[in-house]
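Please read the points with the model open alongside.

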Amino acid sequence: MNALYFRKLNEPLSYEKTLVPKPTNGEVVVHLRAAALNYRDIWITQGQYAQIRQDVILGSDGAGEYKGKQVIINPSIHWGDNPHAQGKNFHIL
């Protein structure tokens with residue numbers, strides 16, 4: 001598969017071929033048809049986002065297929081009970 005890697009702060013991203021990851025318990029592999037970088041990804045490359053890890057594949061927005069069904073990727077979890085504002089346990093994978 002092809003991936004966009006974030007290796008080090010304030011350095012250009014690298015587009016590389018890599019192995020398809022093996023899903024662990026509770027995970028699946030989605031065959032991406034579309035992917036997007038957003039401001040979160042830009043902030044990560046500049047050291048302006050909480051819990052930054054280097055040497056990772058960027059991208060948290062996408063759409064594709066899983067077991068023949070169309071899916072979207074929503075990396076947000078633990079939104080909370082209020083539909084208008086995130087709760088204290090909200091985070092993005």
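1. Helices (H or I, at least four residues) and strands (E, at least two) are DSSP runs, numbered from the N terminus. This is a predicted model, in which local features need pLDDT of at least 70 and side-chain atom pairs count only at pLDDT 80 or more, while totals for chains, interfaces and linings use all residues. Residues are numbered from 1 along each chain as its sequence is written, and side-chain values use heavy atoms, with hydrogens and water left out.

2. The largest pocket holds about 1,800 Å³ of space. Its lining takes at least two residues from each of β1, β3, α1 (39-45), β4, β5 (61-66), β6 (69-73) and β8 (91-92). In total 43 residues line the pocket, and Ile57, Leu58, Gly59, Ser60 and Ile73 lie nearest its centre. (On a 1 Å grid over the protein atoms alone, a pocket is an open set of points where a 1.4 Å probe fits, with protein on both sides within 12 Å along at least five of seven lines; lining residues have an atom within 4 Å of a point.)

3. Three strands form an open antiparallel sheet in the order β2-β1-β4. β2 and β4 (56-57) are the edge strands, each pairing on one side only. Two strands pair if DSSP finds at least two bridges between them; β1 (residues 2-6) and β4 have two. Phenylalanine 6 stands opposite valine 56 in β4.

4. A search of the whole structure finds three salt bridges, each a side-chain nitrogen of Lys or Arg within 4 Å of a carboxyl oxygen of Asp or Glu. Arg7, Glu16 and Asp55 are linked in a network. The closest N and O atoms are 2.6 Å apart between glutamate 16 and arginine 7, and 2.1 Å apart between aspartate 55 and arginine 7. Aspartate 55 lies in the loop between α1 and β4 and arginine 7 in the loop between β1 and β2, so this pair ties together parts 48 residues apart in sequence.

5. Arginine 33 and glutamate 65 also meet in a salt bridge (3.6 Å, N to O). This pair links strand β3 to strand β5, 32 residues apart. Arginine 33 is exposed, at 58% relative accessibility, whereas glutamate 65 is partly exposed, at 31%. (Buried means under 20% relative accessible area, exposed over 50%, partly exposed in between, with a 1.4 Å probe and protein chains only.)

6. Asparagine 25, in the loop between β2 and β3, is exposed at 83% relative accessibility.

Technical notes: Grid points are joined across faces, edges and corners, and a volume is the space filled by probe spheres set on the points.
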